[in-house]
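Hello,

Here is the structure for you to look over. My notes follow below.

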Amino acid sequence: MSQAIFRWLTFAAIVVLSACTSPTTTPQGQGEPAPATQPQQVTLDENSQIATGQTLYIPVYPYIYYEDQKRIFNLATTLSIRNTDLANSIIITCVRYYNSEGQLIRQYLERPIQLAALASTDFFISTSDNSGGLGANFIVDWVAQTNVSEPIIETVAIGTGFQQGISFISPGKVIQNQTNHTCSSAAS
């Protein structure tokens, strides 16, 4: 092969390979999550009018067993709370995390937060946090001052490792209707 052809093929290969690399900056709206805004904290008192609300139980799977229950596959979990109402806000009064024995591990809110119409918020448990055990769960209380569309409250579990990947959702289950603005009573 002549030197000229070799140089030309080398140049062509460099051009093709450089065209295949990703840009160093990501265009707005692609690949990068939008900056999260924190929901507004609100104060509810005995004069607050509550029209509707619920307490939900949401399963959490910090890990799952595989290979005849001898090995553990760790999962990261995101609790997602989505206000589905087109016009009205809802108020999240409590987000609590319990372990397999029903003992309170963590309470996420110091004060209630308000989710505007169609707004969302989330809470995260990392893959290294197995404190809840296989039967862990969230208890979430929400209320609204007018009748609203029920929110979607679910956990999303995801894990990768050993050239494997797994993800699934666990929908919340209503366990009590709320008629007041305080956290539902639960084991602590």
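Two strands count as paired if DSSP finds at least two bridges between them. Strands are DSSP runs (E, at least two residues), numbered from the N terminus. In β9, R82 has S120 as its bridge partner.

The model is predicted: local features need pLDDT of at least 70, side-chain atom pairs count only at pLDDT 80 or more, and totals for chains, interfaces and linings use all residues. Residues are numbered from 1 along each chain as its sequence is written, and side-chain values use heavy atoms, with hydrogens and water left out.

The sheet comes next. Four strands make an open sheet, in the order β9-β5-β11-β12, with antiparallel pairing. β9 and β12 (164–171) are at the edges with a single partner strand each, so one side of each has no neighbour in the sheet.

Now β5 (residues 76–82). Seven bridges tie β5 to β11 (residues 152–161). Six bridges link β5 with β9 (residues 120–125). S80 pairs with E154 in β11 and stands opposite D122 in β9.

Last, the packing. A nonpolar core is a set of buried Ala, Val, Leu, Ile, Met, Phe, Trp, Tyr and Cys residues joined through side-chain atoms within 4.5 Å. The largest has 21 residues; L79, I81, I92, V95, F138 and V140 touch the most other members. β5 and β9 are among the strands that each supply at least two residues of this core. A second, separate core of five residues includes V42, L44, I91 and V143.

Best wishes

Notes: Buried < 20%, exposed > 50% of the residue type's maximum accessible area, 1.4 Å probe, protein only.
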